[in-house]
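Trainee: I would like to learn how to read the features of a model like this one. Could we take them one at a time?

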Amino acid sequence: VSTLVGAAVGIGATTLADRSRWKRDENRERNKLRRESYGSYLAAVIQAHEAMRAAASEGHSPAESRRDAITKAFRAADPYVHRFALSLVAPADVVELAVAVFRRVREIRDLLISGAMANSAEYRTAQSAYYDAIKAISDAMRKDLGTSPLGSTAFGASSHGTDDSVP
């Protein structure tokens, strides 16, 4: 009887340890997937923004050529694909913020297509809203991953308007 009890305790302890290890590995994998998805999404929208801004400043003669270059720059970054991939692994609050960032980038696209220049007040206002949205989603992503927010200084000057090196 004591041998059976010992065997049962041993099997139970091993099963419990295996379950605990499996759960820890599962959480680690889930965090890795979210971290990769978050990084890919941020990279895509930042790349789209920078590429559109560069395309807009190239001085296209017909407006149609400018529109095509900006649209091509936006699509090349694949923000749609990254946004939908993120929506599969992120919690609802991060997905909502991802949609908000996407909308800010799309607004900048439309503004640049309409002829606004990167030094215009309209563009700077839209860019500021974009930077605020990037900060909000970055903070939410970091919180979801168990990391503290970076704070405003990590995103450049508080005015956003003069620091082109920010995301």
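Trainee: Is Phe74 buried or exposed?
Mentor: Buried means under 20% relative accessible area, exposed over 50%, and partly exposed in between, with a 1.4 Å probe and protein chains only. Phe74 has a relative accessible area of 1%, so Phe74 is buried. This is a predicted model, where local features need pLDDT of at least 70 and side-chain atom pairs count only at pLDDT 80 or more, while totals for chains, interfaces and linings use all residues. Residues are numbered from 1 along each chain as its sequence is written, and side-chain values use heavy atoms, with hydrogens and water left out.

Trainee: Which aromatic pair does Phe74 form with Tyr80, and how is the geometry read?
Mentor: Rings of Phe, Tyr and Trp (its six-membered ring) pair if their centres lie within 6.5 Å; planes under 30 degrees apart count as stacked, over 60 as edge-to-face and the rest as tilted. By this rule there are four aromatic pairs. Phe74 and Tyr80 form an edge-to-face pair, with 5.9 Å centre to centre and 90° between the planes. Tyr80 is partly exposed, at a relative accessible area of 35%. For Phe74 and Phe102, the ring centres are 5.9 Å apart and the planes are at 55°, so this pair is tilted. Phe74 lies in helix α2 (residues 63-76) and Phe102 in helix α4, so the pair ties together parts that are 28 residues apart in sequence. Both Phe74 and Phe102 are buried. Ring pairs link Phe74, Tyr80 and Phe102 into a cluster.

Trainee: How many helices and strands are in the chain?
Mentor: Helices (H or I, at least four residues) and strands (E, at least two) are DSSP runs, numbered from the N terminus. The chain has five helices and zero strands.

Trainee: At what angle do the axes of α3 and α4 cross?
Mentor: Axes are lines fitted to C-alpha atoms, for helices over the stretch in contact, and angles run from 0 to 180 degrees between N-to-C directions. The axes of α3 (residues 79-89) and α4 (residues 92-113) come within 10 Å and cross at roughly 170°. That makes α3 roughly antiparallel to α4; the cut-offs are under 35 degrees for roughly parallel, over 145 for roughly antiparallel, 65 to 115 for roughly perpendicular, and oblique for the rest.

Trainee: Which residues of α3 and α4 meet?
Mentor: Contact means heavy atoms within 4.5 Å. On the α3 side are Pro79, Tyr80, Arg83, Leu86 and Ser87, which meet Val94, Val95, Ala98, Val99, Phe102 and Arg109 in α4.

Trainee: What does Ser37 touch?
Mentor: Not counting residues up to four places away in sequence, Ser37 touches Ala85, Leu86 and Val89. Ser37 is in helix α1 and counts as buried at 12% relative accessibility.

Trainee: What is the phi of Asp78?
Mentor: Most residues other than glycine have a negative phi. Phi of Asp78 is near 60°, a positive value in a residue other than glycine. Asp78 is in the loop between α2 and α3 and is partly exposed, with a relative accessible area of 37%.

Trainee: What is the mean pLDDT of the chain?
Mentor: pLDDT is the predictor's confidence in each residue, from 0 to 100. The mean for the chain is 86, and 87% of its residues reach 70 or more. Over residues 157-167 the pLDDT is below 50, although this stretch has 23 contacts in the model beyond near neighbours in sequence. Where pLDDT is low, the predicted coordinates should not be read in detail.
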